[in-house]
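Let's take a friendly walk through a protein fold, one piece at a time. Keep the structure in view as you read.

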Amino acid sequence: MSASGGSKGKKRPKSYYVQAAKKFREAKFTLGVDMKGFLLTCNNREKECVREGYNLLNEYADKIYGPEKVSNEEDSGSDEEDIDKALQNEVESLKKTAPSERRFQAVKSGANNCIFIRTTIDDPVYLVHSILKDANESKKLKARFILRMLPVDGTCRASMDDIKGLAKKVLESLLGETNPGFSFCMVTKIRNNNQVSSKVLIPALAELIMSMNCKNSIDLGDPEVVVIVEVVRTICCMSAVRDYFKFKKFNLHGVVAQKEIDSRLGESGCAGLQLLATTVRKQSLLS
């Protein structure tokens, strides 16, 4: 009857530590809570979209913030002869020490044609606005595969309580009581989620924004501020932006194409303009 302590010192199988380390690594590269970044939409060319996103974001981030400084950390080798202990130590070290993050890092969003690029930059809204402003003025299309580029100022779980809490934090600087009050509207998009409804989400957030500052007002025609709410599976992404409709709903193709239409209007009259306008409408529908 000495089996009382037979299983007490039993080691876990090697596969346990391998899977634990794998899950932890995958979690770092999956859209989650408390993230800032950028939502990019595309039309099936996701790899090309990611590459363009990196190039475009790095180009303007280098101009605004300077070149990125990356610290190369050397992996400390383990002298453990027991592979079980070595794997266990690796899992524990991964949990305790946060890796040095790159300025921009693509993570899995869980939705097709929707790319999320996480960032360590404090103000992703300003960076996207700078890109769109330059595109609007220069008439140069710098992205072939990216359709829309939406800044994300914060993320949370896709539940009403968490979304309201995120809204208070994200919208305070622009729509809080310390501001003179702005007209606003909301734009929502829900992907791969059946638990959140726009019919419930929009009125609840509108009421919250009005309570944050009684001078705020709803304007569906020409708002000064647009609150972007994107729900992707179990995560809600949110930001507040200006010039949303001026920059064609933050559609990179739409901004440049509208400039092209305006420039051709005086040259060719109505001839050939119908085809160009149809192309712009198709690009907007794809987003």
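The report below looks at a sheet, the helices beside it and one further helix. Please keep in mind that this is a predicted model.

Start with the open sheet, in which four strands are arranged in the order 2-3-1-4 with antiparallel pairing. Strand 2 (104-107) and strand 4 (148-152) are its edge strands, since each of them pairs on one side only. From one strand to the next, the twist averages 25°.

Two of the pairings are set side by side in this table.

| Strand 2 and strand 3 | antiparallel | four bridges | Ala106 and Ile117 |

Strand 2 and strand 3 also make a hairpin, with six residues between them. In that turn you can find Gly110, which has a positive phi of about 90°. Now look along strand 2 itself: Phe104 and Ala106 point one way, while Gln105 and Val107 point the other way. These four residues of strand 2 are all buried.

**Helix 4 on the sheet**

Which strands does helix 4 touch? Helix 4 (residues 124-138) packs on the sheet and touches strand 1, strand 2, strand 3 (114-119) and strand 4. The direction of helix 4 makes about 155° with that of strand 4.

Two residues of helix 4 deserve a visit. The first stop is His129. Is His129 buried or partly exposed? His129 has 22% relative accessibility, so it counts as partly exposed. Leaving aside neighbours within four places in sequence, His129 is in contact with Arg242, Asp243 and Phe247. The C-alpha atoms of His129 and Leu150 are separated by 9.5 Å, with the two residues 21 apart along the chain.

The next stop is Ser130, also found in helix 4. With 17% relative accessibility, Ser130 counts as buried, because buried means under 20%. A polar atom of the Ser130 side chain lies 2.8 Å from the backbone oxygen of Tyr126. Not counting residues up to four places away in sequence, Ser130 touches Tyr60 and Ile64.

**Helix 6**

Finally, turn to helix 6 (residues 198-212), which has 15 residues. At 1.5 Å a residue, helix 6 should span 21 Å, and its end C-alpha atoms are 21 Å apart, so the two values agree. At the start of helix 6, a side-chain oxygen of Ser197 reaches to within 3.2 Å of the backbone nitrogen of Lys199.

Which residues of helix 6 are buried? They are Leu201, Ala204, Leu205, Ala206, Leu208, Ile209 and Met212. The buried residues of helix 6 pack against helix 5 (160-175) and against strand 6 (183-191), strand 7 (217-218), strand 8 (225-232) and strand 9 (235-241).

Definitions and conventions: Residues are numbered from 1 along each chain as its sequence is written. This is a predicted model: local features need pLDDT of at least 70, side-chain atom pairs count only at pLDDT 80 or more; totals for chains, interfaces and linings use all residues. Side-chain values use heavy atoms; hydrogens and water are left out. The expected span of a helix is 1.5 Å times one less than its number of residues. Buried means under 20% relative accessible area, exposed over 50%, partly exposed in between (1.4 Å probe, protein chains only). Contact means heavy atoms within 4.5 Å. A polar contact is a pair of N or O atoms within 3.5 Å; within protein, one must be able to donate a hydrogen and the other to accept it, and residues adjacent in sequence count only if both atoms are side-chain atoms. Two strands pair if DSSP finds at least two bridges between them. Axes are lines fitted to C-alpha atoms, for helices over the stretch in contact, and angles run from 0 to 180 degrees between N-to-C directions.
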